[in-house]
Amino acid sequence: MFRLRQRMQSLISKSLHNSRQLEFPISQPLLHKFIRISAEPKSNTLVNAICDSLRRGLNWDTLSNQFSSVELNDYIVEKVLLELKEPIDAKRALGFFHWSAQRKSHQHNLWSYCVTIHVLVRARLLIDARVLIESVLKKHADDDSGFSVVDSLLDTYNVTDSTPLVFDLLVQTYGKMRIFEVAFDVCRRLEEHGFSLSLISFNTLIHVVTKSDQNYLVWSIYEHMLQKRRYPNEVTIRTLISALCKEGKLQTYVDMLDRIHGKRCAPSVIVNTSLVFRIMEEGRIGEGVVLLKRMLQKHMILDTIAYSLIVYARAKMGNLDSAREVYEDMLKRGFSANSYLYTTFIGACCRDGKIEEANCLMQEMENAGLKPYNETFNLLIEGCAKANRVEESLSYCKKMMGRGFLPSCSAFNEMIEKLCEVGDANQANAMLTLLLDKGFVANEITYSQLIAGYAKEGDIQEVLKLYYEMEYKSISPALPVFASLIRILCQCDKLEEADKYFRIMKNRSLVPSVDIYEAMITSHFEKGYKTKALHLYNEMVSEGLKPSASYFYDPILEGG
(Lines give C-alpha, C1' and ligand atoms only; values in the text may rest on other atoms or scores of the structure.)
Protein backbone atom coordinates (compact mmCIF):
# COMPACT_ATOMS: atom_id res chain seq x y z
CA MET A 1 0.00 0.00 0.00
CA PHE A 2 2.82 2.36 0.88
CA ARG A 3 4.51 1.68 -2.48
CA LEU A 4 1.24 2.19 -4.33
CA ARG A 5 0.79 5.61 -2.67
CA GLN A 6 4.36 6.57 -3.52
CA ARG A 7 3.76 5.57 -7.13
CA MET A 8 0.50 7.51 -7.34
CA GLN A 9 2.09 10.65 -5.83
CA SER A 10 4.94 10.39 -8.34
CA LEU A 11 2.55 10.08 -11.31
CA ILE A 12 0.41 13.00 -10.20
CA SER A 13 3.45 15.19 -9.52
CA LYS A 14 4.82 14.48 -12.98
CA SER A 15 1.46 15.20 -14.54
CA LEU A 16 1.25 18.54 -12.76
CA HIS A 17 4.81 19.42 -13.72
CA ASN A 18 4.45 18.49 -17.39
CA SER A 19 1.03 19.96 -18.08
CA ARG A 20 1.25 23.66 -18.88
CA GLN A 21 -2.48 23.88 -19.50
CA LEU A 22 -3.37 23.52 -15.76
CA GLU A 23 -3.69 26.97 -14.23
CA PHE A 24 -4.92 26.05 -10.71
CA PRO A 25 -3.25 24.21 -7.81
CA ILE A 26 -4.55 20.91 -6.39
CA SER A 27 -4.92 21.03 -2.57
CA GLN A 28 -3.28 18.44 -0.31
CA PRO A 29 -6.63 17.14 1.10
CA LEU A 30 -7.89 16.66 -2.46
CA LEU A 31 -4.66 14.89 -3.37
CA HIS A 32 -4.97 12.55 -0.36
CA LYS A 33 -8.59 11.84 -1.17
CA PHE A 34 -7.64 11.01 -4.74
CA ILE A 35 -4.89 8.69 -3.56
CA ARG A 36 -7.27 6.98 -1.13
CA ILE A 37 -9.97 6.47 -3.75
CA SER A 38 -7.39 5.16 -6.21
CA ALA A 39 -6.03 2.77 -3.57
CA GLU A 40 -9.44 1.51 -2.48
CA PRO A 41 -9.78 -1.40 -4.96
CA LYS A 42 -6.57 -2.98 -3.68
CA SER A 43 -7.47 -2.20 -0.05
CA ASN A 44 -10.92 -3.70 -0.47
CA THR A 45 -9.38 -6.87 -1.81
CA LEU A 46 -7.12 -7.04 1.25
CA VAL A 47 -10.02 -6.31 3.62
CA ASN A 48 -12.09 -9.10 2.07
CA ALA A 49 -9.15 -11.50 2.30
CA ILE A 50 -8.64 -10.73 6.01
CA CYS A 51 -12.36 -11.09 6.75
CA ASP A 52 -12.56 -14.40 4.84
CA SER A 53 -9.57 -15.73 6.77
CA LEU A 54 -11.18 -14.73 10.08
CA ARG A 55 -14.47 -16.34 9.10
CA ARG A 56 -12.60 -19.55 8.23
CA GLY A 57 -11.29 -19.54 11.80
CA LEU A 58 -7.59 -19.15 11.04
CA ASN A 59 -5.47 -18.68 14.16
CA TRP A 60 -3.20 -15.71 14.81
CA ASP A 61 -0.01 -17.44 13.63
CA THR A 62 -1.60 -18.42 10.33
CA LEU A 63 -2.97 -14.91 9.86
CA SER A 64 0.45 -13.42 10.60
CA ASN A 65 2.14 -15.71 8.05
CA GLN A 66 -0.52 -15.16 5.42
CA PHE A 67 -0.43 -11.36 5.74
CA SER A 68 3.22 -10.93 6.73
CA SER A 69 3.88 -8.52 3.85
CA VAL A 70 0.85 -6.37 4.60
CA GLU A 71 1.49 -3.06 6.33
CA LEU A 72 -1.66 -2.33 8.34
CA ASN A 73 -2.92 1.22 8.56
CA ASP A 74 -5.93 2.94 10.13
CA TYR A 75 -7.91 2.76 6.90
CA ILE A 76 -7.58 -1.03 6.52
CA VAL A 77 -8.30 -1.62 10.23
CA GLU A 78 -11.41 0.58 10.06
CA LYS A 79 -12.70 -1.23 6.97
CA VAL A 80 -12.19 -4.69 8.50
CA LEU A 81 -13.93 -3.73 11.75
CA LEU A 82 -16.91 -2.28 9.88
CA GLU A 83 -17.07 -5.33 7.65
CA LEU A 84 -17.34 -7.43 10.81
CA LYS A 85 -19.82 -5.19 12.64
CA GLU A 86 -22.76 -7.63 12.60
CA PRO A 87 -23.33 -9.61 15.82
CA ILE A 88 -22.50 -12.89 14.08
CA ASP A 89 -19.00 -11.57 13.36
CA ALA A 90 -18.45 -9.74 16.65
CA LYS A 91 -16.02 -12.28 18.12
CA ARG A 92 -14.04 -12.20 14.87
CA ALA A 93 -13.94 -8.41 15.06
CA LEU A 94 -12.56 -8.66 18.61
CA GLY A 95 -10.02 -11.26 17.47
CA PHE A 96 -8.91 -9.00 14.62
CA PHE A 97 -8.66 -6.02 17.00
CA HIS A 98 -6.29 -7.93 19.31
CA TRP A 99 -4.36 -9.55 16.44
CA SER A 100 -3.77 -6.24 14.69
CA ALA A 101 -2.67 -4.68 18.00
CA GLN A 102 0.18 -7.23 18.08
CA ARG A 103 1.55 -6.05 14.75
CA LYS A 104 4.61 -3.87 15.24
CA SER A 105 3.62 -1.45 12.54
CA HIS A 106 0.18 -0.62 13.96
CA GLN A 107 -1.30 1.02 17.04
CA HIS A 108 -5.06 1.34 17.48
CA ASN A 109 -6.49 4.84 17.47
CA LEU A 110 -9.55 5.99 19.43
CA TRP A 111 -11.82 5.39 16.44
CA SER A 112 -10.95 1.68 16.16
CA TYR A 113 -11.41 1.22 19.93
CA CYS A 114 -14.86 2.79 19.80
CA VAL A 115 -16.00 0.86 16.72
CA THR A 116 -14.95 -2.40 18.37
CA ILE A 117 -16.76 -1.45 21.59
CA HIS A 118 -19.96 -0.72 19.63
CA VAL A 119 -19.70 -4.05 17.80
CA LEU A 120 -19.25 -5.96 21.05
CA VAL A 121 -22.12 -4.21 22.84
CA ARG A 122 -24.46 -4.76 19.90
CA ALA A 123 -23.60 -8.49 20.06
CA ARG A 124 -24.13 -8.44 23.86
CA LEU A 125 -20.51 -9.43 24.51
CA LEU A 126 -20.64 -7.11 27.50
CA ILE A 127 -17.71 -8.49 29.52
CA ASP A 128 -15.36 -7.97 26.56
CA ALA A 129 -16.90 -4.54 25.92
CA ARG A 130 -16.35 -3.45 29.56
CA VAL A 131 -12.70 -4.54 29.39
CA LEU A 132 -12.14 -2.54 26.22
CA ILE A 133 -13.96 0.52 27.63
CA GLU A 134 -11.79 0.47 30.75
CA SER A 135 -8.69 0.11 28.58
CA VAL A 136 -9.53 3.08 26.36
CA LEU A 137 -10.46 5.26 29.36
CA LYS A 138 -7.09 4.56 30.98
CA LYS A 139 -5.35 5.26 27.68
CA HIS A 140 -7.05 8.64 27.36
CA ALA A 141 -7.12 9.55 31.06
CA ASP A 142 -5.02 12.67 30.50
CA ASP A 143 -7.22 14.22 27.82
CA ASP A 144 -7.93 17.83 28.74
CA SER A 145 -11.63 17.89 27.90
CA GLY A 146 -12.55 14.51 29.39
CA PHE A 147 -14.96 14.02 26.50
CA SER A 148 -12.71 12.46 23.84
CA VAL A 149 -13.97 8.91 24.41
CA VAL A 150 -17.67 9.75 24.63
CA ASP A 151 -17.41 12.04 21.59
CA SER A 152 -15.74 9.29 19.58
CA LEU A 153 -18.43 6.81 20.65
CA LEU A 154 -21.07 9.31 19.54
CA ASP A 155 -19.28 9.81 16.20
CA THR A 156 -19.15 6.06 15.51
CA TYR A 157 -22.63 5.26 16.85
CA ASN A 158 -24.58 5.34 13.57
CA VAL A 159 -21.96 3.73 11.36
CA THR A 160 -21.99 0.64 13.60
CA ASP A 161 -25.80 0.53 14.05
CA SER A 162 -25.12 0.55 17.78
CA THR A 163 -27.39 0.60 20.84
CA PRO A 164 -27.69 3.12 23.74
CA LEU A 165 -26.48 0.39 26.09
CA VAL A 166 -22.94 1.32 25.10
CA PHE A 167 -23.28 4.66 26.89
CA ASP A 168 -24.65 3.00 30.02
CA LEU A 169 -21.58 0.75 30.10
CA LEU A 170 -19.33 3.77 29.60
CA VAL A 171 -20.75 5.67 32.59
CA GLN A 172 -20.80 2.53 34.73
CA THR A 173 -17.13 1.97 33.94
CA TYR A 174 -16.30 5.55 34.90
CA GLY A 175 -18.03 4.86 38.20
CA LYS A 176 -16.12 1.62 38.74
CA MET A 177 -12.88 3.51 38.08
CA ARG A 178 -13.99 6.15 40.65
CA ILE A 179 -13.89 8.97 38.10
CA PHE A 180 -17.17 10.31 39.44
CA GLU A 181 -17.34 13.92 38.31
CA VAL A 182 -16.31 13.05 34.75
CA ALA A 183 -18.96 10.32 34.76
CA PHE A 184 -21.61 12.89 35.68
CA ASP A 185 -20.30 15.35 33.08
CA VAL A 186 -20.43 12.60 30.43
CA CYS A 187 -23.99 11.79 31.48
CA ARG A 188 -25.01 15.40 30.78
CA ARG A 189 -23.01 15.42 27.55
CA LEU A 190 -24.94 12.40 26.33
CA GLU A 191 -28.25 14.07 27.11
CA GLU A 192 -27.22 17.00 24.92
CA HIS A 193 -27.07 14.45 22.09
CA GLY A 194 -30.43 12.86 22.91
CA PHE A 195 -29.24 9.89 24.97
CA SER A 196 -30.43 9.30 28.52
CA LEU A 197 -28.94 6.77 30.91
CA SER A 198 -30.95 3.85 32.22
CA LEU A 199 -32.07 3.78 35.84
CA ILE A 200 -29.58 0.96 36.43
CA SER A 201 -26.72 3.25 35.38
CA PHE A 202 -27.94 6.08 37.60
CA ASN A 203 -28.28 3.64 40.52
CA THR A 204 -24.78 2.29 39.89
CA LEU A 205 -23.31 5.77 39.78
CA ILE A 206 -25.12 6.88 42.95
CA HIS A 207 -24.01 3.69 44.73
CA VAL A 208 -20.30 4.06 43.94
CA VAL A 209 -20.30 7.79 44.75
CA THR A 210 -21.93 7.03 48.12
CA LYS A 211 -18.88 4.90 48.92
CA SER A 212 -16.60 7.90 48.34
CA ASP A 213 -16.16 11.18 50.23
CA GLN A 214 -18.11 13.12 47.58
CA ASN A 215 -21.55 12.83 49.14
CA TYR A 216 -22.62 16.20 47.69
CA LEU A 217 -22.39 14.61 44.23
CA VAL A 218 -24.88 11.90 45.22
CA TRP A 219 -27.62 14.51 45.60
CA SER A 220 -26.62 16.38 42.45
CA ILE A 221 -27.02 13.14 40.47
CA TYR A 222 -30.37 12.37 42.08
CA GLU A 223 -31.62 15.89 41.42
CA HIS A 224 -30.51 15.57 37.79
CA MET A 225 -32.31 12.22 37.51
CA LEU A 226 -35.59 13.76 38.60
CA GLN A 227 -35.15 16.78 36.35
CA LYS A 228 -34.81 14.36 33.42
CA ARG A 229 -37.89 12.45 34.64
CA ARG A 230 -35.93 9.33 35.48
CA TYR A 231 -37.71 8.29 38.67
CA PRO A 232 -36.22 6.17 41.48
CA ASN A 233 -36.93 2.58 42.43
CA GLU A 234 -36.35 0.76 45.73
CA VAL A 235 -32.63 0.37 44.98
CA THR A 236 -32.24 4.14 44.50
CA ILE A 237 -34.08 4.94 47.71
CA ARG A 238 -32.14 2.38 49.73
CA THR A 239 -28.83 3.81 48.49
CA LEU A 240 -29.90 7.39 49.26
CA ILE A 241 -31.01 6.42 52.77
CA SER A 242 -27.49 5.03 53.23
CA ALA A 243 -26.11 8.37 52.02
CA LEU A 244 -28.20 10.21 54.63
CA CYS A 245 -26.91 7.84 57.33
CA LYS A 246 -23.33 8.46 56.22
CA GLU A 247 -23.90 12.23 56.43
CA GLY A 248 -25.42 11.85 59.88
CA LYS A 249 -28.60 13.60 58.70
CA LEU A 250 -31.15 10.80 58.58
CA GLN A 251 -32.48 11.44 62.09
CA THR A 252 -32.69 15.18 61.37
CA TYR A 253 -35.04 14.60 58.44
CA VAL A 254 -37.00 11.89 60.23
CA ASP A 255 -37.62 14.29 63.11
CA MET A 256 -38.59 17.10 60.71
CA LEU A 257 -41.16 14.91 58.98
CA ASP A 258 -42.52 13.62 62.29
CA ARG A 259 -43.23 17.25 63.25
CA ILE A 260 -44.84 18.02 59.92
CA HIS A 261 -46.81 14.83 59.29
CA GLY A 262 -47.28 13.62 62.85
CA LYS A 263 -46.11 10.08 62.12
CA ARG A 264 -43.28 8.18 60.49
CA CYS A 265 -42.97 8.63 56.71
CA ALA A 266 -41.85 6.14 54.06
CA PRO A 267 -38.14 6.10 53.11
CA SER A 268 -38.92 7.56 49.67
CA VAL A 269 -40.64 10.56 51.28
CA ILE A 270 -37.66 11.09 53.60
CA VAL A 271 -35.25 11.03 50.65
CA ASN A 272 -37.31 13.38 48.48
CA THR A 273 -37.90 15.83 51.33
CA SER A 274 -34.19 15.93 52.11
CA LEU A 275 -33.38 16.73 48.47
CA VAL A 276 -35.89 19.59 48.23
CA PHE A 277 -34.85 20.99 51.61
CA ARG A 278 -31.13 21.03 50.78
CA ILE A 279 -31.86 22.76 47.43
CA MET A 280 -33.77 25.45 49.30
CA GLU A 281 -31.03 25.73 51.93
CA GLU A 282 -28.58 26.44 49.08
CA GLY A 283 -30.74 29.44 48.17
CA ARG A 284 -32.14 27.82 45.00
CA ILE A 285 -35.69 28.42 46.13
CA GLY A 286 -37.26 28.54 42.66
CA GLU A 287 -35.65 25.26 41.57
CA GLY A 288 -36.72 23.63 44.83
CA VAL A 289 -40.36 24.66 44.39
CA VAL A 290 -40.45 23.45 40.76
CA LEU A 291 -39.04 20.07 41.80
CA LEU A 292 -41.44 19.92 44.75
CA LYS A 293 -44.46 20.43 42.47
CA ARG A 294 -43.24 17.69 40.14
CA MET A 295 -42.84 15.33 43.10
CA LEU A 296 -46.35 16.18 44.24
CA GLN A 297 -47.77 15.34 40.81
CA LYS A 298 -45.99 11.98 40.90
CA HIS A 299 -47.15 11.28 44.50
CA MET A 300 -43.51 11.22 45.63
CA ILE A 301 -44.20 13.53 48.56
CA LEU A 302 -47.21 14.21 50.82
CA ASP A 303 -49.41 17.32 50.55
CA THR A 304 -48.76 18.49 54.11
CA ILE A 305 -45.01 18.24 53.55
CA ALA A 306 -45.22 20.12 50.25
CA TYR A 307 -47.23 22.93 51.86
CA SER A 308 -44.84 23.16 54.82
CA LEU A 309 -41.77 23.32 52.56
CA ILE A 310 -43.34 26.04 50.37
CA VAL A 311 -44.14 28.08 53.50
CA TYR A 312 -40.54 27.57 54.66
CA ALA A 313 -39.20 28.64 51.24
CA ARG A 314 -41.22 31.87 51.14
CA ALA A 315 -40.35 32.72 54.72
CA LYS A 316 -36.67 32.11 53.94
CA MET A 317 -36.95 34.55 51.02
CA GLY A 318 -38.27 37.14 53.48
CA ASN A 319 -41.75 37.08 51.97
CA LEU A 320 -43.66 36.48 55.18
CA ASP A 321 -47.02 37.70 53.85
CA SER A 322 -46.83 35.22 50.97
CA ALA A 323 -45.85 32.46 53.39
CA ARG A 324 -48.92 33.24 55.51
CA GLU A 325 -51.16 33.11 52.41
CA VAL A 326 -49.91 29.59 51.61
CA TYR A 327 -50.42 28.63 55.25
CA GLU A 328 -54.03 29.94 55.26
CA ASP A 329 -54.73 28.09 52.00
CA MET A 330 -53.38 24.93 53.58
CA LEU A 331 -55.75 25.30 56.56
CA LYS A 332 -58.72 25.96 54.26
CA ARG A 333 -58.00 22.70 52.43
CA GLY A 334 -58.38 20.80 55.67
CA PHE A 335 -54.76 20.31 56.63
CA SER A 336 -53.69 20.95 60.22
CA ALA A 337 -51.03 23.30 61.51
CA ASN A 338 -47.85 21.68 62.75
CA SER A 339 -44.92 22.55 65.00
CA TYR A 340 -42.55 22.86 62.03
CA LEU A 341 -44.67 25.63 60.49
CA TYR A 342 -44.99 27.50 63.80
CA THR A 343 -41.22 27.30 64.23
CA THR A 344 -40.76 28.62 60.69
CA PHE A 345 -42.92 31.66 61.47
CA ILE A 346 -41.24 32.18 64.87
CA GLY A 347 -37.85 32.16 63.16
CA ALA A 348 -38.98 34.71 60.59
CA CYS A 349 -40.31 37.02 63.33
CA CYS A 350 -37.10 36.72 65.36
CA ARG A 351 -34.98 37.57 62.31
CA ASP A 352 -37.10 40.67 61.75
CA GLY A 353 -36.85 41.67 65.44
CA LYS A 354 -40.60 41.10 66.00
CA ILE A 355 -40.15 39.48 69.40
CA GLU A 356 -43.67 40.18 70.68
CA GLU A 357 -45.14 38.44 67.65
CA ALA A 358 -42.74 35.52 68.10
CA ASN A 359 -43.79 35.23 71.77
CA CYS A 360 -47.46 35.20 70.75
CA LEU A 361 -46.82 32.46 68.18
CA MET A 362 -45.05 30.40 70.83
CA GLN A 363 -48.04 30.75 73.15
CA GLU A 364 -50.49 29.97 70.33
CA MET A 365 -48.46 26.91 69.40
CA GLU A 366 -48.57 25.49 72.91
CA ASN A 367 -52.28 26.31 73.29
CA ALA A 368 -52.91 24.26 70.14
CA GLY A 369 -51.28 21.26 71.79
CA LEU A 370 -48.19 21.41 69.57
CA LYS A 371 -44.83 20.89 71.25
CA PRO A 372 -41.95 23.31 70.66
CA TYR A 373 -38.69 21.53 69.90
CA ASN A 374 -35.00 22.44 70.15
CA GLU A 375 -34.97 24.67 67.03
CA THR A 376 -38.01 26.60 68.31
CA PHE A 377 -36.24 27.45 71.56
CA ASN A 378 -32.91 28.22 69.84
CA LEU A 379 -34.60 30.78 67.59
CA LEU A 380 -36.26 32.48 70.55
CA ILE A 381 -33.11 32.48 72.71
CA GLU A 382 -31.06 34.01 69.91
CA GLY A 383 -33.82 36.39 68.75
CA CYS A 384 -34.45 37.79 72.24
CA ALA A 385 -30.72 38.19 72.87
CA LYS A 386 -30.18 40.10 69.63
CA ALA A 387 -33.10 42.36 70.55
CA ASN A 388 -31.40 43.02 73.93
CA ARG A 389 -34.20 41.23 75.79
CA VAL A 390 -31.72 39.30 77.89
CA GLU A 391 -34.09 38.19 80.65
CA GLU A 392 -36.49 36.64 78.09
CA SER A 393 -33.58 34.94 76.36
CA LEU A 394 -32.43 33.48 79.68
CA SER A 395 -35.99 32.42 80.52
CA TYR A 396 -36.36 30.51 77.23
CA CYS A 397 -32.99 28.84 77.82
CA LYS A 398 -34.09 27.61 81.27
CA LYS A 399 -37.45 26.48 79.89
CA MET A 400 -35.68 24.62 77.12
CA MET A 401 -33.40 22.81 79.58
CA GLY A 402 -36.43 21.95 81.70
CA ARG A 403 -37.90 20.09 78.74
CA GLY A 404 -34.77 18.06 78.20
CA PHE A 405 -33.25 20.04 75.33
CA LEU A 406 -29.84 21.67 75.12
CA PRO A 407 -29.39 24.98 73.29
CA SER A 408 -27.24 25.18 70.19
CA CYS A 409 -23.79 26.65 70.68
CA SER A 410 -24.62 29.68 68.50
CA ALA A 411 -27.83 30.50 70.43
CA PHE A 412 -26.14 30.09 73.81
CA ASN A 413 -23.17 32.20 72.75
CA GLU A 414 -25.50 35.00 71.63
CA MET A 415 -27.21 34.95 75.01
CA ILE A 416 -24.05 34.94 77.17
CA GLU A 417 -22.55 37.74 75.08
CA LYS A 418 -25.49 39.93 76.04
CA LEU A 419 -25.33 38.81 79.69
CA CYS A 420 -21.65 39.75 79.80
CA GLU A 421 -22.36 43.09 78.14
CA VAL A 422 -24.78 44.00 80.93
CA GLY A 423 -22.25 42.94 83.58
CA ASP A 424 -23.74 39.58 84.48
CA ALA A 425 -20.83 37.26 83.63
CA ASN A 426 -21.54 35.20 86.78
CA GLN A 427 -25.03 34.31 85.55
CA ALA A 428 -23.60 33.38 82.14
CA ASN A 429 -20.92 31.21 83.75
CA ALA A 430 -23.46 29.52 86.03
CA MET A 431 -25.60 28.61 83.00
CA LEU A 432 -22.53 27.20 81.24
CA THR A 433 -21.75 25.03 84.29
CA LEU A 434 -25.30 23.63 84.28
CA LEU A 435 -25.15 22.91 80.58
CA LEU A 436 -21.72 21.25 80.71
CA ASP A 437 -23.08 18.85 83.32
CA LYS A 438 -25.84 17.89 80.87
CA GLY A 439 -23.44 17.21 78.00
CA PHE A 440 -23.28 20.61 76.30
CA VAL A 441 -20.11 21.13 74.25
CA ALA A 442 -18.83 24.70 74.44
CA ASN A 443 -16.57 26.15 71.75
CA GLU A 444 -13.86 28.81 71.63
CA ILE A 445 -16.42 31.60 71.18
CA THR A 446 -18.25 30.53 74.36
CA TYR A 447 -15.11 30.91 76.44
CA SER A 448 -14.06 34.05 74.62
CA GLN A 449 -17.37 35.75 75.52
CA LEU A 450 -17.09 34.76 79.18
CA ILE A 451 -13.44 35.79 79.44
CA ALA A 452 -14.29 39.17 77.87
CA GLY A 453 -17.15 39.55 80.35
CA TYR A 454 -14.99 38.84 83.40
CA ALA A 455 -12.17 41.00 82.02
CA LYS A 456 -14.65 43.86 81.71
CA GLU A 457 -15.55 43.36 85.38
CA GLY A 458 -11.85 43.18 86.34
CA ASP A 459 -12.10 39.62 87.71
CA ILE A 460 -8.65 38.31 86.81
CA GLN A 461 -9.07 35.03 88.73
CA GLU A 462 -12.09 33.97 86.69
CA VAL A 463 -10.35 35.02 83.47
CA LEU A 464 -7.35 32.81 84.26
CA LYS A 465 -9.57 29.96 85.44
CA LEU A 466 -11.51 29.97 82.14
CA TYR A 467 -8.26 30.19 80.15
CA TYR A 468 -6.86 27.11 81.92
CA GLU A 469 -10.17 25.30 81.40
CA MET A 470 -9.86 25.95 77.66
CA GLU A 471 -6.31 24.59 77.62
CA TYR A 472 -7.41 21.51 79.62
CA LYS A 473 -10.19 20.81 77.09
CA SER A 474 -7.79 21.34 74.15
CA ILE A 475 -9.80 24.33 72.90
CA SER A 476 -7.23 26.61 71.25
CA PRO A 477 -7.68 30.22 72.42
CA ALA A 478 -7.96 32.67 69.53
CA LEU A 479 -6.86 36.30 69.42
CA PRO A 480 -9.86 37.76 71.36
CA VAL A 481 -9.08 35.49 74.34
CA PHE A 482 -5.44 36.63 74.47
CA ALA A 483 -6.54 40.25 74.01
CA SER A 484 -8.84 40.06 77.06
CA LEU A 485 -6.28 38.16 79.09
CA ILE A 486 -3.32 40.47 78.33
CA ARG A 487 -5.37 43.66 78.82
CA ILE A 488 -6.56 42.64 82.27
CA LEU A 489 -3.08 41.51 83.29
CA CYS A 490 -1.74 44.91 82.21
CA GLN A 491 -4.52 46.66 84.13
CA CYS A 492 -3.57 44.69 87.25
CA ASP A 493 0.15 45.56 86.79
CA LYS A 494 1.06 41.90 86.24
CA LEU A 495 3.51 42.67 83.42
CA GLU A 496 5.52 39.48 83.76
CA GLU A 497 2.33 37.44 83.30
CA ALA A 498 1.28 39.68 80.41
CA ASP A 499 4.70 39.17 78.75
CA LYS A 500 4.32 35.42 79.23
CA TYR A 501 0.94 35.21 77.43
CA PHE A 502 2.15 37.67 74.81
CA ARG A 503 4.97 35.21 73.98
CA ILE A 504 2.60 32.22 74.03
CA MET A 505 0.29 33.99 71.60
CA LYS A 506 3.13 34.79 69.18
CA ASN A 507 4.53 31.25 69.44
CA ARG A 508 1.13 30.03 68.23
CA SER A 509 1.47 32.19 65.11
CA LEU A 510 -1.16 34.67 66.29
CA VAL A 511 -0.35 38.25 65.30
CA PRO A 512 -1.10 40.69 68.16
CA SER A 513 -3.69 43.35 67.36
CA VAL A 514 -3.19 47.11 67.85
CA ASP A 515 -5.11 47.14 71.15
CA ILE A 516 -2.89 44.35 72.55
CA TYR A 517 0.27 46.22 71.57
CA GLU A 518 -1.08 49.49 72.99
CA ALA A 519 -2.00 47.83 76.31
CA MET A 520 1.50 46.35 76.57
CA ILE A 521 3.27 49.58 75.50
CA THR A 522 1.24 51.76 77.87
CA SER A 523 1.80 49.48 80.85
CA HIS A 524 5.56 49.16 80.27
CA PHE A 525 5.94 52.88 79.72
CA GLU A 526 3.98 53.74 82.88
CA LYS A 527 6.15 51.36 84.87
CA GLY A 528 9.27 53.10 83.54
CA TYR A 529 10.29 50.30 81.16
CA LYS A 530 10.83 52.71 78.29
CA THR A 531 13.25 50.52 76.34
CA LYS A 532 10.76 47.63 76.37
CA ALA A 533 7.94 50.01 75.43
CA LEU A 534 9.95 51.39 72.51
CA HIS A 535 10.81 47.86 71.35
CA LEU A 536 7.11 46.90 71.36
CA TYR A 537 6.22 50.12 69.56
CA ASN A 538 8.78 49.47 66.80
CA GLU A 539 7.64 45.86 66.55
CA MET A 540 4.03 46.98 66.11
CA VAL A 541 4.98 49.43 63.35
CA SER A 542 7.12 46.75 61.61
CA GLU A 543 4.03 44.50 61.56
CA GLY A 544 2.29 47.20 59.52
CA LEU A 545 -0.03 48.17 62.38
CA LYS A 546 -0.89 51.81 63.00
CA PRO A 547 -1.31 53.15 66.56
CA SER A 548 -4.81 54.40 67.28
CA ALA A 549 -3.30 57.66 68.63
CA SER A 550 0.25 58.11 67.40
CA TYR A 551 0.79 61.37 69.30
CA PHE A 552 0.56 59.37 72.53
CA TYR A 553 3.86 57.67 71.70
CA ASP A 554 5.86 60.86 71.09
CA PRO A 555 7.23 60.80 74.67
CA ILE A 556 8.33 57.20 74.13
CA LEU A 557 10.17 58.08 70.97
CA GLU A 558 11.73 61.10 72.62
CA GLY A 559 12.66 59.03 75.63
CA GLY A 560 14.24 56.43 73.33
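## Burial and the overall picture

Here, a residue is buried if its relative accessible area is under 20%, exposed if that area is over 50%, and partly exposed in between, using a 1.4 Å probe on protein chains only. This is a predicted model, in which local features need pLDDT of at least 70 and side-chain atom pairs count only at pLDDT 80 or more, while totals for chains, interfaces and linings use all residues. Residues are numbered from 1 along each chain as its sequence is written, and side-chain values use heavy atoms, leaving out hydrogens and water.

The protein chain has 31 helices and 0 strands; helices (H or I, at least four residues) and strands (E, at least two) are DSSP runs, numbered from the N terminus. Of its 560 residues, 48% are buried. Count up the contacts (heavy atoms within 4.5 Å) with a separation of 6 or more, and 64% of them come from residues 24 or more positions apart.

Glu-539 sits in helix H30. With a relative accessible area of 15%, Glu-539 counts as buried. Leaving aside residues up to four places away in sequence, Glu-539 touches Phe-502, Lys-506 and Tyr-517.

H30 (residues 530-542) packs on H29 (residues 514-526) at an angle of about 165°, with the axes 8 Å apart. For the record, axes are lines fitted to C-alpha atoms, for helices over the stretch in contact, and angles run from 0 to 180 degrees between N-to-C directions. The two helices, H29 and H30, are therefore roughly antiparallel; the label is for angles over 145 degrees, with under 35 roughly parallel, 65 to 115 roughly perpendicular and the rest oblique. H29 contributes Val-514, Tyr-517, Met-520, Ile-521, His-524 and Phe-525 to the contact, and H30 brings Lys-530, Lys-532, Ala-533, Leu-536, Tyr-537, Glu-539 and Met-540. Sorted by type, the residues of this H29 and H30 contact come out as 9 nonpolar, 1 polar and 3 charged. In that scheme Ala, Val, Leu, Ile, Met, Phe, Trp, Tyr, Cys and Pro are nonpolar, Asp, Glu, Lys and Arg are charged, and the others, Gly among them, are polar.

## The H20/H21 pair

H20 (residues 355-367) and H21 (residues 374-386) have axes that come within 11 Å and cross at roughly 155°. That makes H20 roughly antiparallel to H21 too. On the H20 side the contact uses Ile-355, Ala-358, Asn-359, Met-362 and Met-365, and on the H21 side Thr-376, Phe-377, Leu-380, Gly-383 and Cys-384.

H15 (residues 267-281) has 15 residues and spans 21 Å from first C-alpha to last, close to the 21 Å expected at 1.5 Å a residue; the expected span is 1.5 Å times one less than the number of residues. H15 is mostly covered, with 12 of its 15 residues buried, among them Asn-272, Thr-273 and Arg-278. Those buried residues pack against helices H12, H13, H14, H16, H17 and H19. After H15 comes Gly-283, with a positive phi near 90°.

H8 (residues 148-155) is also mostly covered, with 6 of its 8 residues buried: Ser-148, Val-149, Val-150, Ser-152, Leu-153 and Leu-154. What covers them includes helices H6, H7, H9 and H10.
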